[in-house]
Amino acid sequence: MNLRPTLALTAIALLLGGGCTILPQGEPATLYRLPASTQSPTSLASAPLPLRLGVAAPEAGHLLGSNRIVVYPERNVVNVYEGARWYDDAPDLLQTRLISGLQQFQLFANVGSDRLPSDVVLLSELRHFQSEYDNIPPSVNVQIDVQLVGAQSRKPITANSFATRVQASSVDIPDVVDAFGRASDALTEQLAAWLEGQASDL
């Protein structure tokens, strides 16, 4: 007898206390930010590139582009956590995390928003930014497709895709949020290593 679906649905019911919904709620939501980074990076390059990198907020679809915390509670079902939201839209949260993380790796003379003067710009599309009940506790799945372009010409330089999955320590929403933070850190590390490898083309 396969108990996995039953266990998954039981855990989700306990977690959400009545379920999650995409319908507007009368009760005020608890707002979450990504937890502080646990990275302790050192410079990957012998010297920073004499370039300014602008990081654009990732493009995203309607649901991933909002401040709702998305969850896949079971196969082919997409939902959001009831009573919990990001304090800002998810792409903006991730943009801030990528900027602060890449600054620590010291690959470029400067890393900031694409609204600031820059020489190259990192564009991206957010493919996944959700928790998934593939196991109990759930795991957080983050994936972005990225493209480096010239700041003025917008001519493509190179492109890649990065994904990471981190399991939460429990089904509690604060622990799921912590997993989002760790997944974002892991994604930043992947991105930094790739950018370091592209230095000769910039």
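Reader: How many helices and strands are in the chain?
Author: Three helices and eight strands. Keep in mind that this is a predicted model.

Reader: In what order do the elements run from the N terminus?
Author: The order is α-β-β-β-β-α-β-β-β-β-α.

Reader: What share of the residues is buried?
Author: Of the 202 residues, 46% count as buried. The chain exposes about 10,300 Å². Carbon and sulfur atoms supply 51% of that area.

Reader: And the contacts, how many link residues 24 or more positions apart?
Author: Such pairs make up 73% of the contacts with a separation of 6 or more.

Reader: On to the core. Which residues in the largest nonpolar core touch the most other members?
Author: Leu53, Trp86, Phe108, Phe129, Leu191 and Leu195. That core has 49 residues.

Reader: Which element gives the most to this core?
Author: Helix 3 does, with eleven residues.

Reader: Take Leu195. What does Leu195 touch, leaving out residues up to four places away in sequence?
Author: Leu53, Leu102, Leu107, Phe108 and Leu148. Leu53 and Phe108 are also among the core residues that touch the most other members.

Reader: What about Ser184, where is that?
Author: Ser184 sits in helix 3, which covers residues 173-197.

Reader: Is Ser184 buried or exposed?
Author: Buried. Its relative accessible area is 0%, and the cut-off for buried is under 20%.

Reader: Which residues does Ser184 touch?
Author: Leu34, Leu94, Arg97 and Phe129. Again, residues up to four places away in sequence are not counted.

Reader: Switching to sheets. How do strand 6 and strand 7 pair?
Author: They pair in the antiparallel sense, over twelve bridges. The two form a hairpin with six residues between them. Val120 stands opposite Gly150 in strand 7.

Reader: And how many bridges join strand 7 to strand 8?
Author: Eleven, and these two run antiparallel as well. Val140 stands opposite Val166 in strand 8.

Reader: What's in the turn between strand 7 and strand 8?
Author: Five residues lie between the two strands of that hairpin. One of note is Arg154, which has a positive phi of about 60°.

Reader: How many residues of strand 7 are buried?
Author: Nine of its twelve residues are buried, so strand 7 is largely enclosed by the rest of the structure.

Reader: Now electrostatics. How many salt bridges does the count come to?
Author: Six. Side chains of opposite charge can pair when their charged atoms come close.

Reader: Start with Arg52. Which side chain does Arg52 meet in a salt bridge?
Author: Asp119, at 3.2 Å, N to O. Arg52 lies in strand 2 (residues 49-55). Asp119 lies in the loop between strand 5 (108-113) and strand 6 (120-132), so the pair ties together parts 67 residues apart in sequence.

Reader: How accessible are Arg52 and Asp119?
Author: Arg52 is partly exposed, at 34% relative accessible area. Asp119 is also partly exposed, at 30%.

Reader: Which side chain does Arg165 meet at 2.8 Å?
Author: Glu132, with that distance taken N to O. Arg165 is in strand 8 (residues 156-167) and Glu132 in strand 6, so to speak distant parts of the chain, 33 residues apart.

Reader: Is Glu132 buried or exposed?
Author: Buried, with a relative accessible area of 11%. Arg165 counts as partly exposed, at 43%.

Reader: What forms the 3.3 Å salt bridge with Arg165?
Author: Asp134 does, going by the closest N and O atoms. Asp134 lies in the loop between strand 6 and strand 7 (139-150), so this pair ties together parts 31 residues apart in sequence. Asp134 is partly exposed, with a relative accessible area of 24%.

Reader: Last one. Which residues are linked in a network of salt bridges?
Author: Glu125, Arg127 and Asp145 are.

Technical notes:
Residues numbered from 1 in each chain as written. Predicted model: local features only at pLDDT ≥ 70, side-chain atom pairs only at ≥ 80, totals over all residues. Heavy atoms only, no water. Helix = DSSP H or I, 4+ residues; strand = E, 2+ residues; numbered from the N terminus. Buried < 20%, exposed > 50% of the residue type's maximum accessible area, 1.4 Å probe, protein only. Contact = heavy atoms within 4.5 Å. Areas by Shrake-Rupley, 256 points an atom, 1.4 Å probe, with all protein chains shown as cover. Core = buried A, V, L, I, M, F, W, Y, C linked by side-chain atoms within 4.5 Å. Salt bridge = Lys/Arg side-chain N within 4 Å of Asp/Glu carboxyl O. Pairing = 2+ DSSP bridges.
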